[in-house]
Amino acid sequence: MQTFDREGHRGCRGLMPENTIAAMKKAVDLNVTTLEMDAVMTKDGEVILSHEPFFNHEITTKPDGSFVKEEEEKSLNIYRMTYDEVKRYDVGLKPHPRFPQQEKTAAVKPLLRDLIDSIRLYCKEKNRPFPQWNIETKTQPQTDNLYHPAPAAFVEMLMKVIKEKGIEKNVIIQSFDFRTLQYLHQHYPHMRTAMLVEDYDKRTLDELLAALGFTPTIFSPAQSLVAKELVEACHQKKMQVIPWTVNETDEMQKLIALNVDGIITDYPNLFSQLAL
């Protein structure tokens, strides 16, 4: 029987600074089965964790100790910075306006390869199983070669790290940008893929699958899109259904009753309150 997939969104964004090593370790402590994260690229070809390809004003402290302002954030383009430049910015100390429970701690956007090494060692020390990794490719057509490489180059850079660290069997690649999933399907057909779908995307399941061109491992919609008929249709096509981002236990219970295969949440501590 398939284990219910307990995914920590950006590690555990509700509890620790997002997409940081500290957040991923905390998620491991909370017994997630999968660490969910976002990947972007630096100027010098490093794969790092970040939801945006720039320094978001909500979470960033500049090297001089001042906070990034909203009007300047997009000018702080990570794809135009070396990793040495990137790690001068803190993303763990500024209080987050939407996550008051989040513990504040000094943190930088980590290299994916460093995170893999850290979690591997942490799991060994804590005698915990090595988790699954759900990595989102942060690409979109309008910003190709401006904020990130084009899909083929992006996927190859990401896969290089995954292969070097020997975690191919543990990884799911997810994206709203179907181009990266299509490239993976063509060049790395053994890799698991997850189709992310926004709440405003009103295409039917069949229309989405036609646009993608193949059946992914996982259908990963915004939670508001999930209905009994959708889950049944996905299961008939041998796809798992793992919605995002579910932060209330009553919503989790409703989704579990609809027979979803997992849940992505900012608060993986809530899983302990559920009958799984």
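Start with the largest pocket: select Glu136, Lys138, Gln140, Phe176 and Glu198, which lie nearest its centre among 33 lining residues. (A pocket here is an open set of points on a 1 Å grid over the protein atoms alone, where a 1.4 Å probe fits, with protein on both sides within 12 Å along at least five of seven lines; lining residues have an atom within 4 Å of a point.) This is a predicted model, so local features need pLDDT of at least 70 and side-chain atom pairs pLDDT 80 or more, while totals for chains, interfaces and linings use all residues. Residues are numbered from 1 along each chain as its sequence is written, and side-chain values use heavy atoms, with hydrogens and water left out.

The pocket holds about 820 Å³ of space, a volume filled by probe spheres set on the points. Now colour strands E2 (34-41), E4 (132-137), E5 (171-175) and E6 (192-197) plus helix H5: each supplies at least two lining residues. (Helices, H or I, of at least four residues and strands, E, of at least two are DSSP runs, numbered from the N terminus.)

(Axes are lines fitted to C-alpha atoms, for helices over the stretch in contact; angles run from 0 to 180 degrees between N-to-C directions.) Which residues of H4 and H5 meet? Show Pro151, Ala152, Val155, Glu156 and Met159 in H4, then Arg179, Thr180, Tyr183 and Leu184 in H5; contact means heavy atoms within 4.5 Å.

Last stop: H1 (residues 21-29) and H3 (residues 112-126), packed at about 30 degrees with axes 10 Å apart.
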